[in-house]
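Hi,

Here is the structure I promised to pass on to you.

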Amino acid sequence: MIRPTRARALQILRVVQTRRGIAGIPPRLPELPHGNLPASQSPITSSLDFFNSVTPGGKQIPTYRVLDGAGQPIEGAQVPEIEEALARKIYENMVQLPILDDVLYNLQRQGRIVFYVRASSASYGEEAAIIGSAAAFAHDDEVLAQYRESGVLLFRGFGLDNIMNQCFGTHLDSSGKGKQMPVHYGSKELHYHTISSPLGTQIPQAAGVGYALKRDPQRRGKNCAVVYFGEGAASEGDFHAGMLLASTIPSPTVFIARNNGFAISTPSSEQYYGDGIAARGPGYGIHTIRVDGNDVLAVYAAVKEARRRCIDEGRAVLVETMTYRVGHHSTSDDSFAYRARKEVEDRKRLDNPIVRFRLFLEARGWWSKEEEMALGKRLKTEVFAAYKKAEALPKPAVGEMFTEVYGGQEPWHLKEQREELQRLVHKYGRTWEPWRTQLKRHEGEGREWTEGVR
Amino acid sequence: MFAPRRPAAASLRAISRVNSASRSRRWNSTEAPPAGGHLPSVANSSFLKPTRDVALRTNGLQWVDPVDADPTRDMVGRETRKMNMYQAVRDALSIALSKDDTAVVFGEDVAFGGVFRCTMGLAEEFGRERVFNTPLTEQGIAGFGIGLASMGHTAIAEIQFADYIFPAFDQIVNEAAKFRYRSNGNFNVGKLTLRCPSMAVGHGGHYHSQSPEGFFMGAAGIKVVIPRSPIQAKGLLLSAIRDPNPVIFMEPKILYRSSVEQVPLDDYEIPLSKAEVLARGSDLTVLTWGTPVYHCEAAIQMLKQPPPAIAEHVPAAFRGATVELIDLRTILPWDVDTVVESVQRTGRLVVVHEAGRTGGVGAEIGAEIQKKCFLKLNAPVRLVTGWDTPVGMQFEKFYMPDPIRIMDAMVETLAY
């Protein structure tokens with residue numbers, strides 16, 4: 001055993017203080033009977049004792065809840081302050097998601113769009129976690145999402161046309177001009193960073209975004225970065241990096257882990273052996289809370305407080321929302337291959353976040369059966385109209401394929417390759433059937449390449 | 001830097017040795033170079049600028065702040081100082097930080113000056129908010145930099161060795177490179193620069209010697225830049241930092257101390273995607289970048305005047321051959337025009353790089369040149385590269401494209 005002398009320990013602490021200026025927890029003098037080791041404040045003990053966060057006997061991190069299944073506050077719960085207008089907006093957005101999901105899901109099944117993943121929908125389980133958190137953030141907090149969080153965008157006013165244009169990849173696609181798969185939305189104006197498929201990559205990026213906000217005099221103390229990810233993505237190395245960076249280089253970043261029990265077919269029992277994602281937060285020195293993700297008021301209250309702490313302290317905060325992915329992972333997945341249909345049906349019946357919140361609204365006199373009927377009808381009409389409009393629109397002009405690879409001057413090799421494709425389309429675009437058919441779907445039908453002299 | 005990479009015992013040891021690298025992956029940069037320098041040919045290179053006047057006339061150098069409206073007078077009053085490459089890098093970082101409030105410099109151990117001293121004094125000068133250590137996570141460093149840059153901030157990240165850039169490969173290739181394209185320009189990370197020491201150092205073994213530029217050549221959306229000298233490092237780094245695209249800037253670590261020249265003190269840039277012709281010739285083109293520039297210089301000298309011991313291998317007819325030497329400088333997107341123009345004239349091309357051959361940058365260039373110069377080629381395009389093995393610690397002398405291998409390839413190409 002190495003036991004540093006007191007003088008040595010003091011010397012070490014001084015060094016630690018000068019070297020860790022940013023992290024900045026001033027070291028305390030060791031006052032423990034056996035002192036401590038230089039790299040930690042851990043007291044030295046003589047008892048041989050292992051510990052584990054997964055302890056038997058209900059010592060797991062508790063789940064914060066406000067409303068029960070009947071929309072009533074549970075014993076001891078304080079209902080967060082919420083105005084009627086905001087409550088109704090939350091509810092309408094929650095109701096909209098499953099309607100939108102159903103339409104897009106069916107469009108995919110009919111082969112009219114190539115791919116879809118449920119955007120957290122009513123009978124499918126995550127809309128409370130998404131909309132509840134969206135309502136708790138400022139509209140200009142920077143959001144870095146995984147792909148199941150389009151509810152945040154809709155809440156911020158993205159609009160159904162932008163959703164549809166992205167999914168159909170039309171020339172009006174504001175997210176990426178037809179360059180990415182469906183559901184990879186993004187909006188600079190709405191502070192929603194464009195989605196990418198690689199899992200977890202947005203997590204360390206969010207730490208950098210948080211740090212940028214902290215360095216910006218206009219936004220310091222006003223905004224935070226928000227990063228959403230599933231419990232499966234939290235197994236990626238980037239999760240570790242992101243949590244570590246945002247805590248060590250203090251950055252106002254709220255981490256929201258959506259724990260819905262599944263990563264495609266993998267149940268969370270095969271994803272981790274510890275107490276969920278929340279148990280990891282304290283290991284990084286991050287304030288952490290676990291929330292019932294089917295209780296929109298609990299999510300709203302917890303995230304609002306998380307945001308306040310995050311901005312006040314300029315540090316990371318972790319929120320784990322517990323939900324259940326009732327729908328299939330994506331349109332490429334049949335989840336009944338790895339779980340019982342009955343389990344899913346039970347879950348839908350017993351713990352529906354939309355019903356819970358509707359009962360709360362009705363109890364306050366903020367919602368009625370008539371309004372419910374009218375809302376459903378209106379939303380269906382709007383979604384239907386938006387997809388009809390997008391479906392009729394052409395894809396972007398073929399030449400768009402070569403744009404925005406680099407900023408500034410186009411490199412020679414891209415110019416050459418664009419011209420090569422141009423020549424080939426000019427040569428075969430009217431005769432090679434796969435191209436002929438496809439060109440008709442694009443803006444201008446490729447005429448800028450098929451016609452004209454080469 | 002006190003976070004122990006190995007638990008307790010290592011951390012205790014680290015305390016008493018602030019500047020010494022206790023971790024296996026950290027090459028000890030503070031030790032003096034071996035007698036005669038790491039690379040003797042650099043010391044005598046004619047490509048390094050020994051005086052102020054020569055330095056100020058550096059080819060393609062563009063002043064960022066004109067001192068006079070009359071461009072012919074623009075060199076009046078400009079100062080230079082003798083610097084090695086790490087000092088020139090430091091100088092560039094200092095200019096970037098002082099002219100751009102959003103600029104930050106970060107990475108492993110950069111706050112105390114960096115294991116290669118490239119960030120010396122910057123934390124003291126600009127504060128720990130702008131020059132700071134990160135935890136030891138390369139994917140995190142790249143991701144963090146992408147996040148900063150996506151907000152329009154200038155992020156200058158350091159990966160301690162190019163050998164350790166691979167944990168960040170996903171962030172670089174899937175994220176940084178595609179950021180602009182996938183959002184159709186709504187978001188971009190153009191203000192991200194990743195610096196990393198690269199290439200061999202004489203005793204680096206597998207993980208302190210690599211030249212991974214070839215792995216990034218297929219990553220449409222990023223740029224890859226490699227300087228050969230202090231003046232080049234400063235000008236190219238400032239261009240890289242200000243380029244509207246994410247750039248990987250690979251600094252040949254053996255040149256940090258061994259290459260020394262007069263470097264202009266003012267803010268200047270050297271354009272990206274522009275190769276530089278270092279020596280004019282009409283019989284053979286030699287194309288390279290980074291450290292091998294100096295090996296090529298030595299090889300060209302050997303071809304002209306072979307030492308007696310090897311003279312028998314150099315036919316007298318070739319000793320008068322003139323060789324055109326080109327420093328590519330930017331690997332992606334590379335300067336095809338300069339290379340093609342040269343090979344059209346000489347009809348022969350030798351490409352030299354330290355990285356292994358298969359799938360390397362030389363293969364890409366060779367394919368393009370045979371396509372564009374087919375009728376003018378008098379010999380096959382020849383590659384002088386590292387072998388397709390990892391860099392074996394005790395075998396480096398036989399692994400590297402050293403002057404004898406380059407000279408032999410030149411002779412064979414001329415004799416074809």
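Let's start with the cysteines: searching the whole structure turns up 0 disulfides over all chains, where a disulfide is a pair of cysteine sulfur atoms within 2.5 Å. In case the word is new, a disulfide is a covalent bond between the sulfur atoms of two cysteines. Take Cys310(A): the nearest cysteine sulfur belongs to Cys224(A) and is 4.7 Å away, and Cys310(A) is in no disulfide. Cys310(A) is also buried, at 0% relative accessibility. (Buried means under 20% relative accessible area, exposed means over 50%, and partly exposed is in between, using a 1.4 Å probe and protein chains only.) Cys196(B) is in no disulfide either, and its nearest cysteine sulfur, that of Cys118(B), is 11 Å away. Cys196(B) counts as buried too, with 0% relative accessibility.

Before you go further, please keep in mind that this is a predicted model: local features need pLDDT of at least 70, side-chain atom pairs count only at pLDDT 80 or more, and totals for chains, interfaces and linings use all residues. Residues are numbered from 1 along each chain as its sequence is written, chains are lettered from A and ligands numbered from 1 in the order in which they are written, and side-chain values use heavy atoms, with hydrogens and water left out.

Next, the salt bridges. (Helices, H or I with at least four residues, and strands, E with at least two, are DSSP runs numbered from the N terminus.) Arg356(A) is buried at 3%, and Asp295(A) is buried at 1% relative accessibility.

Compare that with Arg358(A) and Glu362(A), a salt bridge with its closest N and O atoms 3.7 Å apart. These two are 4 residues apart in helix H10 of chain A, so about one helical turn separates them. Arg358(A) is partly exposed at 21%, and so is Glu362(A) at 26%. Over in chain B, Asp65(B), Lys99(B), Arg242(B), Asp267(B) and Glu269(B) are linked in a salt-bridge network.

How do the two chains meet? In chain B, 57 residues are in contact with 56 residues of chain A, contact meaning heavy atoms within 4.5 Å. There are 4 salt bridges between chain B and chain A, including Arg180(B) with Glu404(A), where the closest N and O atoms are 4.0 Å apart.

Last, find strand E12 (residues 284-288) of chain B, where 5 of its 5 residues are buried. Leu284(B), Val286(B) and Thr288(B) point one way, while Thr285(B) and Leu287(B) point the other. E12(B) pairs in the parallel sense with strand E13 (residues 323-327) of chain B over 5 bridges; pairing takes at least two DSSP bridges between two strands. Thr288(B) stands opposite Asp327(B) in E13(B). E12(B) also pairs in the parallel sense with strand E15 (residues 349-356) of chain B, over 3 bridges, and there Leu287(B) has Val351(B) as its bridge partner.

Happy browsing!

Notes: Salt bridge = Lys/Arg side-chain N within 4 Å of Asp/Glu carboxyl O.
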